[in-house]
Amino acid sequence: MEKKQMRRILIASLVGSSIEWFDYFLYGTVAALVFNQLFFVNEDPTIGLLLSYASFALAFFIRPFGGVIFSHIGDRIGRKKTLVLTLSIMGIATFGMGLLPTYQAVGIWAPILLITLRLVQGLGIGGEWEGALLLAVEYAPAEKRGLFGAIPQMGVTIGMLLGTIALSFMTLLPENAFMTWGWRLPFIFSALLVFFGLWIRKGIDETPSFKKVKESGEVPKLPIVETLKNYWREVIIAVGAKVVETAPFYIFSTFVVSYATTNLGFSRTATLTAVMIATIITTILIPIMGMLSDKIGRKKLFIAGTIGMALFAFPYFWLLQQKSVPLLIIATVIGLGIIWAPITAVLGTMFSEIFDARIRYTGITLGYQIGAALAGGTAPLVATALLNRFNNSYVPVAIYIIFASFLSLAAIWAVKERSNQKLDEMHNTSAM
């Protein structure tokens with residue numbers, strides 16, 4: 001394959017993933033800063049924040065349904081068409097959020113409309129990441145699969161970085177202007193990014209792996225039935241492995257915004273800056289970790305990152321408690337920027353190597369989305385509830401991170417070297 005075409009494939013994978021996660025993290029951050037005041041109005045600020053986070057978590061529970069729908073399309077019709085659908089759906093929902101009337105204007109209809117768009121957004125992202133991952137991995141040469149699989153993971157942090165930059169600029173506005181119209185602009189202008197993403201994907205061909213499955217006549221009629229019948233163990237492994245990648249991530253990136261500003265007295269700008277710096281570092285490290293996994297193996301890197309996550313849980317909160325901006329930045333950089341990087345860099349490639357090409361989209365989707373639903377969207381909600389229950393003590397939240405780490409360690413130990421057979425099969429199809 002020509003280098004030009006390969007570059008376009010990787011850009012299409014990266015850009016689409018970046019746009020999707022820009023939209024998604026935009027909601028997560030604004031939920032902590034705005035939605036609790038403009039949409040989920042309550043006399044008790046904590047209740048308002050909990051309701052706001054609940055709306056954030058809600059989409060994670062709809063994601064598996066979106067994943068089932070779009071993975072069926074992806075395994076039956078193709079990766080490319082699925083990616084166009086998911087990006088369009090996500091973009092429309094995010095654009096609509098920027099135009100919504102507030103609770104003060106339309107009462108109860110404001111949170112109802114917001115939650116509806118949030119559910120649509122969740123459906124879209126339910127199938128996006130998996131398609132972006134397979135676009136890269138199923139084209140990858142065998143010796144570079146870790147690197148190629150890490151590229152879509154960069155979209156997560158690049159999207160978050162774009163969202164953080166956009167909101168950082170908006171928070172420089174006077175408080176009244178930010179709360180009235182400033183927070184809306186990133187949602188509205190996300191439409192431009194969506195059009196760019198669709199244009200990039202227009203010239204991409206279907207992946208070699210899916211082409212071979214289609215030519216062989218082995219396209220499953222009901223991919224989800226075959227996955228649950230023959231690959232349910234792999235799905236459980238993927239769900240467990242996803243926990244340590246997603247729960248601490250949302251603690252370090254979303255929960256910290258409200259915790260640092262409300263409980264510790266940091267400014268919004270300082271907190272968002274810390275997250276932004278950590279995001280830049282992890283974006284640089286992800287492809288490096290992907291390349292490293294091609295040399296030493298995915299499992300070793302994943303285990304090292306997971307153990308590091310468990311060990312850092314208490315030091316992370318201790319650093320925040322010092323109420324120093326430099327230490328806030330250091331804590332966020334270590335957790336989100338360094339320790340999290342190897343975990344997320346190898347996750348997608350590792351998942352792709354334990355599922356057969358015929359049901360790969362569906363298998364990856366179930367593991368990824370169920371894991372995200374159980375541990376991702378709920379993380380800020382659980383952390384806030386734990387703080388409220390235990391008199392603002394961070395100890396239960398740190399224990400929660402450690403628990404997530406041990407759960408994923410237990411899952412990853414179950415990954416057998418037998419995945420090499422599927423890896424070789426995938427190499428043969430990718431090389432065609």
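Analyst: Two packed helices are described by the angle between their axes and the distance between the axes. In this predicted model, where local features need pLDDT of at least 70, helix 6 (residues 145–171) and helix 14 (residues 325–352) have axes that come within 8 Å and cross at roughly 130° (helices are DSSP runs of H or I, at least four residues, numbered from the N terminus; axes are lines fitted to C-alpha atoms over the stretch in contact, with angles from 0 to 180 degrees between N-to-C directions). Helix 6 and helix 14 are therefore oblique to each other, and their crossing is right-handed (the near helix is turned clockwise from the far one by less than a right angle; anticlockwise is left-handed).

User: How are helix 3 and helix 8 oriented to each other?

Analyst: Helix 3 (residues 79–97) packs against helix 8 (residues 184–201) at about 165°, with the axes 8 Å apart, which makes the two roughly antiparallel (over 145 degrees; under 35 is roughly parallel, 65 to 115 roughly perpendicular, the rest oblique). Their crossing is left-handed.

User: Which residues lie nearest the centre of the second largest pocket?

Analyst: A pocket is an open set of 1 Å grid points where a 1.4 Å probe fits, with protein on both sides within 12 Å along at least five of seven lines, and lining residues have an atom within 4 Å of a point. Here T46, L49, S258, T262 and N263 lie nearest the centre, among 18 lining residues. Helix 11 (232–263) is one of the helices that each supply at least two lining residues, as are helix 1 (3–38), helix 2 (45–76) and helix 16 (378–389), and helix 11 gives the most, with 6. Residues are numbered from 1 along each chain as its sequence is written.

How values were computed. This is a predicted model: local features need pLDDT of at least 70, side-chain atom pairs count only at pLDDT 80 or more; totals for chains, interfaces and linings use all residues. Side-chain values use heavy atoms; hydrogens and water are left out.
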